[in-house]
Structures are given as C-alpha cells and as structure tokens.
Amino acid sequence: MKKNNRKLFTAIIGILLIAVLSAIFGSKLNSITNKNFELAGGFQLVYQVDSSDQLTVEQVADVLEKRLYNFGAIEVEKTIEGSTVTLNYSGIEDSETVRKYLIKTGLVSFRNAADEELMDISALKENMPFMAAPSPKATEENPNISLLYILVGDAEKFRTVTTQLLFEASKYLVVWVDYEETMKFEKEIESTNPAFLAAAMVTTALDSDAYITSAHSFEDTKNIVATINAGALKAPVTEIGFAPVDATLGAKADVKVFSGIFASVLLIAVYFVYKYKLPGFVSALMVLGYTISSLVAISYLGVVFSTNIISLFVVSLFVGLAYLLHISETFVAIINTGRLPSTALETTYKNTLVNALAALTIQL
C-alpha cells in the first residue's frame with residue numbers, strides 16, 4: 001500500500017510539475033519565439049515602376065516575385081503602393097547578382113544572322129521555356145561551357161522558322177534577351193562576352209526540344225534563364241532602395257500560428273475533461289505540457305521559422321499529439337476499470353512506451 005501511495009505521490013508531483021512548467025514557459029513563449037520567428041537573412045528591395053497603370057504595376061510585381069523565387073528565395077512578401085513595389089525576401093545569399101538580373105526586361109527574341117526577328121518566346125513552353133545545364137564538353141582549361149535547353153511549345157512554328165533558316169546563306173539561329181537595334185550579331189559573335197544568349201547553326205528542321213551551346217558561363221546562363229522563365233516586365237523598373245532588414249513574420253502571423261495550435265489543443269483538453277472528468281484532466285495536462293514544451297524546445301534550438309518550416313512543425317506537432325492522444329485514451333481506459341491511478345499510470349507506461357518514443361522521434 002505504501003508503495004502504491006509513493007507511486008501516486010510521484011505521479012501527482014509530475015503532473016504538478018508539468019502544470020508549473022507550462023505556466024512558466026507558456027508566459028515566456030511569445031518572447032522566446034519572437035526572437036526566432038523570423039525570415040533568415042532578410043533583405044528589402046524597393047522598385048519604382050515606370051507606369052501609372054495599376055494592372056501593369058501588379059504584373060511587374062508578380063514577375064519580380066517569381067524571379068526572386070527562381071533565384072532561390074525561401075520567402076517573398078510584396079507590397080504595392082501606387083507605382084512603388086517593395087519586396088521583402090529571404091534565402092538568397094548573393095543579392096548583388098540577383099539585383100543585376102531583376103531589373104532586366106527579359107524580352108526574348110529569336111533572330112537570324114541579319115538580326116531579323118523570326119519568332120518570340122511564345123513558340124516555347126509557357127511555364128518553363130528554357131533550362132540551363134553544364135556541358136559535358138567542359139574541361140579544366142574551359143570549365144564554363146554550358147548548354148541552353150530550348151523547350152518547344154509550338155512545334156509547327158518552330159519547324160517553320162528552322163526550315164526557313166535552312167535556305168539562308170547564314171543559317172544561325174540566335175537567341176537574344178532584351179535585343180536593341182544597335183546590337184549586331186556579326187559584331188557580337190567576335191566578342192568574348194556577346195550580348196546574345198546563344199547561337200547555333202541550323203542543319204535540320206526542328207519541331208521538338210533542342211539544346212545549343214550557350215555563349216556564356218553556366219552561372220550566367222542559369223541566372224539569365226531564372227530571369228526570363230519568370231516572364232518579361234511590361235514596364236521598366238528602377239531600384240530606389242535596398243537594405244538588409246530584420247524581416248519578422250509579424251504579430252499577425254504569430255497570432256494565427258499560436259491561436260490555431262492552442263485552439264486545437266484546448267478543444268482536445270476540453271473534450272477529455274468533459275468526457276473523463278479527473279482522468280481527463282490529467283490527460284489534458286499531458287497534451288498541454290507536450291505542446292508548450294515542444295514549442296519551447298524548438299525555439300531554444302534556434303530554429304529559424306519560415307512559412308514552410310512552420311507548416312512542417314505544425315504537422316509534426318499534431319502527428320505527435322495523435323500518438324499522445326492514444327496514450328491518454330489508454331490511461332483513461334485502464335483507470336476506468338477501477339485500478340488505482342498509480343497502477344493505471346504504470347500500466348499505461350508499460351503499454352505505450354513505444355508510442356511515446358515514436359511521438360518524440362516524429363517531433364524531432
């Protein structure tokens with residue numbers, strides 16, 4: 001009897017400890033997570049769009065946002081005020097390179113050696129017209145050889161154009177980005193850094209995907225492709241601001257995330273207390289303690305939260321809670337058979353240890 005009383009006393013102390021820790025750390029949770037609930041390496045770019053048309057400004061903002069994601073941004077937040085577009089982003093280390101390409105119009109044209117336009121980007125696949133890849137012909141002496149993959153969308157148009165080139169004296173198909181009238185292929189082809197993206201002699205009519213050697217290094221080709229794949233700007237832009245910022249998700253995001261988590265946990269707790277009374281209260285404390293301790297532990301680990309990380313965390317939290325609910329149900333079922341709380345806790349521990357470890361493993 002004394003042994004059972006000792007186990008019961010230990011269980012009560014454990015439950016009280018969970019309640020105290022939940023109260024202490026729960027009150028500090030907001031300040032703890034505010035320190036880490038931020039976008040890693042945040043930057044802000046501000047552009048002035050050379051247009052007063054709101055639809056044009058919105059299109060430009062959308063293209064700039066897509067370009068940032070194509071360059072590897074984890075999180076992008078855009079705001080529009082009149083003709084001013086502000087972009088807060090994270091996940092890109094080389095912002096200098098990105099800034100150079102973001103302001104390009106990104107207008108693609110296919111021309112012949114006489115600089116006559118043959119077709120535009122509409123002949124290619126809409127969502128991904130180009131891809132870049134290192135060339136297998138790259139050597140130690142010339143490691144920067146790269147390939148430009150052309151993904152054809154309008155096979156008939158592409159076949160017509162390439163067939164036409166077969167009858168010309170110079171059979172070059174030249175890919176230009178932001179071509180200007182002053183640019184001449186015959187002059188640029190002699191340059192070590194030509195203005196065109198790629199050029200190739202056409203020896204047969206083409207009506208499917210093809211690749212040609214890029215006129216630029218793989219890094220430059222990749223950056224150009226990331227720019228034009230997001231679409232062309234309908235109006236020129238001018239950068240008027242750039243600065244690193246402590247880009248937080250903000251109080252609204254904190255409220256949404258935590259309100260959603262704790263509302264769900266509260267409903268679970270109310271359900272247990274309503275249905276199982278005192279045993280349910282013990283289970284409710286277990287669920288509450290698990291949730292708060294998980295959030296505190298993750299925050300103290302220094303995890304930097306983005307939207308994707310938050311989604312992953314919430315999913316793992318509720319999968320862990322699903323295991324914990326099974327443990328709670330087992331405890332309630334055992335104690336309802338008339339066993340002492342201490343015996344019920346001990347039996348539950350023996351029967352559900354694997355589930356508890358699984359919950360922790362999933363959470364980690």
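Is arginine 111 buried or exposed? In this predicted model, arginine 111 is buried, with a relative accessible area of 10%. The contacts of its side chain are taken up below, after an outline of the chain.

The chain holds nine helices and eleven strands. Of its 364 residues, 42% are buried.

Aromatic pairs come next. A search of the whole structure finds ten of them. One is formed by phenylalanine 110 and phenylalanine 130. Their ring centres are 6.4 Å apart and their planes meet at 25 degrees, so this pair is stacked. Planes under 30 degrees apart count as stacked. Phenylalanine 110 belongs to strand S4 (residues 108–111) and phenylalanine 130 to strand S6 (residues 130–134), so the pair ties together parts that are 20 residues apart in sequence. Phenylalanine 110 and phenylalanine 130 are both buried.

Tryptophan 176 and tyrosine 179 make another pair, with ring centres 5.0 Å apart and planes at 75 degrees, so the arrangement is edge-to-face. Planes over 60 degrees apart fall in that class. Tryptophan 176 is buried, at a relative accessible area of 0%. Tyrosine 179 has 15% relative accessibility and also counts as buried, because the limit for buried is under 20%. Both residues belong to one aromatic cluster, formed by Tyr172, Trp176, Tyr179, Phe185 and Phe196.

Tyrosine 179 also leads back to arginine 111. Arginine 111 lies over the face of tyrosine 179, at 3.7 Å from the ring centre. Arginine 111 forms a salt bridge as well, with glutamate 117 as its partner. The closest N and O atoms of that bridge are 3.8 Å apart, and the cut-off is 4 Å.

Glutamate 117 is placed in strand S5 (residues 117–120). At 46% relative accessibility, glutamate 117 counts as partly exposed. Leaving aside residues up to four places away in sequence, glutamate 117 touches Ser109, Phe110 and Arg111. Phe110 in that list is a member of the stacked pair described above. Glutamate 117 and valine 174 are 57 residues apart in sequence, yet their C-alpha atoms are 9.4 Å apart in space.

The charged end of arginine 99 sits over the ring of phenylalanine 242, 4.0 Å from its centre. Arginine 99 also forms a salt bridge with glutamate 239, where the closest N and O atoms are 2.6 Å apart. This bridge links distant parts of the chain. Glutamate 239 lies in strand S11 (residues 237–244) and arginine 99 in helix H3 (residues 95–102), 140 residues apart. Arginine 99 has 18% relative accessibility and counts as buried. Glutamate 239, at 26%, counts as partly exposed.

The count of salt bridges in the structure comes to eight. One of them joins lysine 222 and glutamate 219, with a distance of 3.2 Å from N to O. Both residues lie in helix H6 (residues 218–228). They are three residues apart, about one turn of the helix. Lysine 222 counts as partly exposed, at 35% relative accessibility. Glutamate 219 is partly exposed too, with a relative accessible area of 43%. Elsewhere, Asp62, Glu65 and Lys78 are linked in a network of salt bridges.

The surface also carries a nonpolar patch. Leu266, Val270 and Tyr274 make this patch, which covers about 370 Å². Leucine 266 lies in helix H7 (residues 250–300). At 54% relative accessibility, leucine 266 counts as exposed, because the class begins over 50%.

How values were computed. Residues numbered from 1 in each chain as written. Predicted model: local features only at pLDDT ≥ 70, side-chain atom pairs only at ≥ 80, totals over all residues. Heavy atoms only, no water. Phe/Tyr/Trp six-rings, centres within 6.5 Å; stacked < 30°, edge-to-face > 60°. Helix = DSSP H or I, 4+ residues; strand = E, 2+ residues; numbered from the N terminus. Buried < 20%, exposed > 50% of the residue type's maximum accessible area, 1.4 Å probe, protein only. Lys NZ or Arg CZ within 6 Å of the ring centre and 35° of its normal. Patch = residues over 30% accessible without salt bridge, like charges linked within 9 Å, V, L, I, M, F, W, Y side chains within 5 Å. Areas by Shrake-Rupley, 256 points an atom, 1.4 Å probe, with all protein chains shown as cover. Salt bridge = Lys/Arg side-chain N within 4 Å of Asp/Glu carboxyl O. Contact = heavy atoms within 4.5 Å.
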